[in-house]
Number of protein chains: 2
Amino acid sequence: MTQEHLVLFTPSGKRGRFETGTPILTAARQLGVDLDSVCGGRGICSKCQITPGYGEFSKHGVTVAEGALSEWNSVEQRYKDKRGLIDGRRLGCQATVQGDIVIDVPPESQVHKQVVRKRAEVLDITLNPSTRIYYVEVEEPDMHNPSGDLERLVAALESQWQLRNVQADFSILPQMQPILRKGGWTVTCAVHHADAGSDPQIIHLWPGLYEGTIYGMAVDLGSTTIAAHLCDLRTGEVVASSGLMNPQIRFGEDLMSRVSYAMMNPGGDQEMTRAVRDGMDALFTQISAEAEIDKSLIMDAVFVCNPVMHHLFLGIDPFELGQAPFALATSNALRLFAHQLDINIHPSARAYILPCIAGHVGADAAAVALSEAPNRSEDLVLVVDVGTNAEILLGNRDKVLACSSPTGPAFEGAQISSGQRAAPGAIEKVEIDPVSKDPRFRVIGCELWSDEEGFWEAIKSSGITGICGSGIIEAIAEMRMAGILDPSGLIGSAEQTGTERCVLDGRTHSYVMYDGSAEGGPTITVTNPDIRAIQMAKAALYSGARLLMDKFGVDKVDRVVLAGAFGAHISPKHALVLGMIPDVPFDRVTSAGNAAGSGARIALIDTAQRAEIEQIVRQIEKIETAIEPRFQEHFVNASAIPNSDDPFTTLKSAVPLPDVNFNTGGGDSASSGRRRRRR
Amino acid sequence: MTQEHLVLFTPSGKRGRFETGTPILTAARQLGVDLDSVCGGRGICSKCQITPGYGEFSKHGVTVAEGALSEWNSVEQRYKDKRGLIDGRRLGCQATVQGDIVIDVPPESQVHKQVVRKRAEVLDITLNPSTRIYYVEVEEPDMHNPSGDLERLVAALESQWQLRNVQADFSILPQMQPILRKGGWTVTCAVHHADAGSDPQIIHLWPGLYEGTIYGMAVDLGSTTIAAHLCDLRTGEVVASSGLMNPQIRFGEDLMSRVSYAMMNPGGDQEMTRAVRDGMDALFTQISAEAEIDKSLIMDAVFVCNPVMHHLFLGIDPFELGQAPFALATSNALRLFAHQLDINIHPSARAYILPCIAGHVGADAAAVALSEAPNRSEDLVLVVDVGTNAEILLGNRDKVLACSSPTGPAFEGAQISSGQRAAPGAIEKVEIDPVSKDPRFRVIGCELWSDEEGFWEAIKSSGITGICGSGIIEAIAEMRMAGILDPSGLIGSAEQTGTERCVLDGRTHSYVMYDGSAEGGPTITVTNPDIRAIQMAKAALYSGARLLMDKFGVDKVDRVVLAGAFGAHISPKHALVLGMIPDVPFDRVTSAGNAAGSGARIALIDTAQRAEIEQIVRQIEKIETAIEPRFQEHFVNASAIPNSDDPFTTLKSAVPLPDVNFNTGGGDSASSGRRRRRR
């Protein structure tokens, strides 16, 4: 009997005993150690590189002698001479066990290397792409036992890679025979694994060993912008990212105006489908050019989007989404060919579209759920993706609820008298001195505050052009803290507030943030209609969240995650003063950045997460705000700043909220009406 | 407790006891009685019509009283008033059990009605098409429980028709929402079932109840002609049949010349693919026009063809089929979309291509195996499909062997001095008087023999233009029986044979069948090169069969089936005299007609038979004649008429085969060469 030796793998810690002469790759496979290989152990792909450790490993109770691995054989030596190997590295398929040995598997030799590490409560994401490459040696045809070339290729994938029931895309058939012969009956196959239950599909062939990589694209298709990340499917890394304006903007700025366009113009939905698909294809071309890769190497794409974009991208008239009961054509995830969406990448490239949660809660919200994983949270988390619509998720390990609330575009600076998109020259941060009631601010493109030395010089080129979404929120919150604004949303007069910056503006007052008239610039004021627009938007957001809390049976949450580009710029304190979100300590409000985009990338690089999000979405309890009687009540309460019903005691213990009231019986009737109803 | 009554169904004989008030359709379903329904028991489709029987059924021991079925209800009455019902018929979904009852299910109410009855040893073919239609009522969208319209449609198909994991073709999505609303949340779905293991796919929707039918096409794609049968997938009946010349003929008459064309002309394979696909699409259009049906109602198509046509139709260069080892790109059956083959029928129509058996034994041979089922035969059957190549199957319940043998085009009248295709004016039947050595014959287009009164008048318009494939076989066999031709294939001289019809023709003799010179017509002779051409063809055929017999370990077969158009015209006696087929009694040689086309139709109307033929083909033992050493030996022996080695004792006991020898030492050297080698 041959002698057996201990083989211990790090970092996994997996160990086993193997006979003398067992290749390290074989030992790894038998123990389930994650060690890569494309060529199937033939010493040509070098993906199975390992680092043997020698000497005393007291922690593991192993001592490794000099000759614990076999000498370099000719295959390994030839590889090293030709391609080079890092010092201390060996090829796992060639080096064999000769004594007790400790083997370290470096990250780049792991198939399922960890590529996205999220916060602790979120599942680690490992590399597990839908499309992978496999090198095989195929039996030559034999007249004594006739079978098709494809059938022998499929048999090779089964015997050499344990892939069962492999199918081939129809496009493989015309090219396969010359490729097999060119490669001398060796071939590298790109194989698509749609999901655990379906048969693997050969989608590309290269003669011999293909040493390059293949790519996938993760796309966040928004109403305004399309953002895409090109990922290397062999490493999981983002190779290039880019974005472009959604070309549908010419049919309407917001979703409902696009739905209207489709309703009013026969064929309008098809025009918009054409526009977004053309834009998408152009974006794929652009990113491929930037990354200097062959576009046809993109073999998978994942898309997330809101329901209206979802339908328009798929070529479905969004008509039904424009009216109750807001019926989606389909809510399930979709597995398609990219060419069905007119995207010209690899001809057999696949496309995956995440499931929609409900008629107003789309695949983008599903992607946020995948990325932020409220379903895995120990504490109760509220996740808010702020855009034209706010998608709101509330949950923990027990259950997750979701709704959408129509915040409108005010948070993006639209419908605001001096509002503008976030661009150089826009006021983005504001502080108001509670005594002098004078503001200081920062504008995009300059790190200095307006009262700091050099500010005016620094902003010379951009000027001060307006106020962006985060700027108006900070301005209003600061006005409330400085006693310039009362809880009902009325700006006080110069008399009431003690500052000449409060000026009469029609029947109400405005607060002058910046008077550029002397320099020929704009005068930037916060008007009472601006306050009203933000009140409507934040009340919609808060009342959606509050409704989910009702349904969950709680009146507080443990933490709040703000997702989306807007969420990244918003200040927790100001959001809380405004009463946009439920009352939590400032440090329990965090930003998740582009969580929808992250979710798309997760689904791209780890196919197992597709089943995961499909399962999560099925379990999410969907709440339709439009038909919930309490929504209106919450909305009215949430119109006050911060709220006329919820106490916001945590907030009030941290910041002053002067108890002012600028309603003198006349003035803004709607505002006084709200106050009457409150009693 | 409610009372139970006996319900007995005919013709199945199934019986069971059911409570008062059970609808007959429900009883049928519970007993597994084959009773159709499209509307799912709503009294609108009338597919579940049954005929109740009343009175004494002594055979079954049942007496049926007057009130054994419920009175006509309003649904049933409305149907009868509006659409009419045959006297005595009831709707099985409306009529309920009230007493012991005998129910006859007429053939048109059976889903799996038998549509093809073959010989007893062959499996009965029942209607089980890939694509079926289902009427469902779909739940309306509900904001309290949001889900996609598709998800509710799928749920309806599951709950109302027990279809699991239904998917929808991508093309369904854009049209579904308006159709569901137009039909008032009722819809008829065409659902494709690819095979037992795969998920059903919705491929078409009609609002409300669709009362029409859907179609499929069974196609035999030959080198020379394409023949297609349009079948009603609801009844299995052939609605229209048509054919056209394979447009590839302009690239080469036979297969090998087409393979050569592809080799010699870059892009030649694609030209031929284009040609055959254009022809196919034209044929589909033509048949649809003839049948006056909407082409887009064709939702399935089955194709059988030889390996070269298979590759060219699929867009695969047939290069490898032109040289050893004759490697097919793929031999397995293919499940495709018709549009992938550029056939413009229903946009989601499917296509099924039967598996190939080996590099020279194609999907057409597989179709013959499906139709003639040698694998189910108790006795040992040889099935021969005679064309430019002969595909040969030998087997019984134990095993089936297959090979192909290159017979060349002589059997089709090509390479014959007076040969022509089977067309009016061609001699198709021949008898030679053994005493006078004079022939009489029949020509295509006339039922009279040439020595019968009125013959010359009757053939005036066509004239006598040549001799077709079956004619030359009969002529040569008759010459052999009349002692004009010796076993080696030499025609005797006038002296040796005693007839002036044998004339010197170069170094050998010819037999003058008809001298039309007086009337300005052709002189039709059988020349020694004609004999040689037929000898080569029949030796190839026989030696292929003989090789399979060797492999099977037998030296006789029980019966012979001749498939193909040629097989339908060949006379068993003459085929045996020539030694084309192994020695069996004349009545054990039968013709199967277009067995390949029948196989295609079977696979079209009974999807279960697709798995069956895939299984059969996997089990067939493939023999490559080119590499079998004994093939050459059998070929040499089979060059003699009937054979220089096999005794043909059965044949010889039935017909005279004069023991003549016209070799005088000189003459045809190849022939004498063969004779020498025989010793």
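**View 1. The domains of chain A.** Chain A splits into domain 1 (4-109), domain 2 (114-207), domain 3 (215-353), domain 4 (372-409 + 533-677) and domain 5 (413-524), with bounds taken from an automatic or database domain assignment. Keep in mind that this is a predicted model: local features need pLDDT of at least 70 and side-chain atom pairs count only at pLDDT 80 or more, while totals for chains, interfaces and linings use all residues. Residues are numbered from 1 along each chain as its sequence is written, and chains are lettered from A in the order in which they are written. Between domain 1 of chain A and domain 5 of chain A, the C-alpha centres are 65 Å apart.

**View 2. Elements and burial in chain A.** Chain A carries 19 helices and 31 strands; helices here are DSSP runs of H or I with at least four residues, strands are runs of E with at least two, and both are numbered from the N terminus. Of its 679 residues, 52% are buried, that is, 20 or more other C-beta atoms (placed from the backbone) lie within 10 Å of their own.

**View 3. Inside the largest nonpolar core.** This core has 362 residues, and Val384(A), Ala402(A) and Val384(B) touch the most other members. A nonpolar core is a set of buried Ala, Val, Leu, Ile, Met, Phe, Trp, Tyr and Cys residues joined through C-beta atoms within 7 Å. Helix α12 (residues 528-552) of chain A is the top contributor, giving 13 residues. Leaving aside residues up to four places away in sequence, the neighbours that Val384(B) touches include Leu541(B), Ala545(B), Val560(B) and Ile581(B); touching means C-beta atoms, placed from the backbone, within 7 Å.

**View 4. Where chain A meets chain B.** Each side brings its share: 36 residues from chain A and 36 residues from chain B. On the chain A side, α3 (149-161) and α4 (172-182) each supply at least two residues, and α4(A) has the largest share, with four residues. That side divides into 20 nonpolar, 10 polar and six charged residues, where Ala, Val, Leu, Ile, Met, Phe, Trp, Tyr, Cys and Pro count as nonpolar, Asp, Glu, Lys and Arg as charged, and the others, Gly among them, as polar.

Technical notes:
Two residues are in contact if their C-beta atoms, placed from the backbone, lie within 7 Å. A residue is buried if 20 or more other C-beta atoms lie within 10 Å of its own, exposed if 12 or fewer, and partly exposed in between; C-beta atoms are placed from the backbone.
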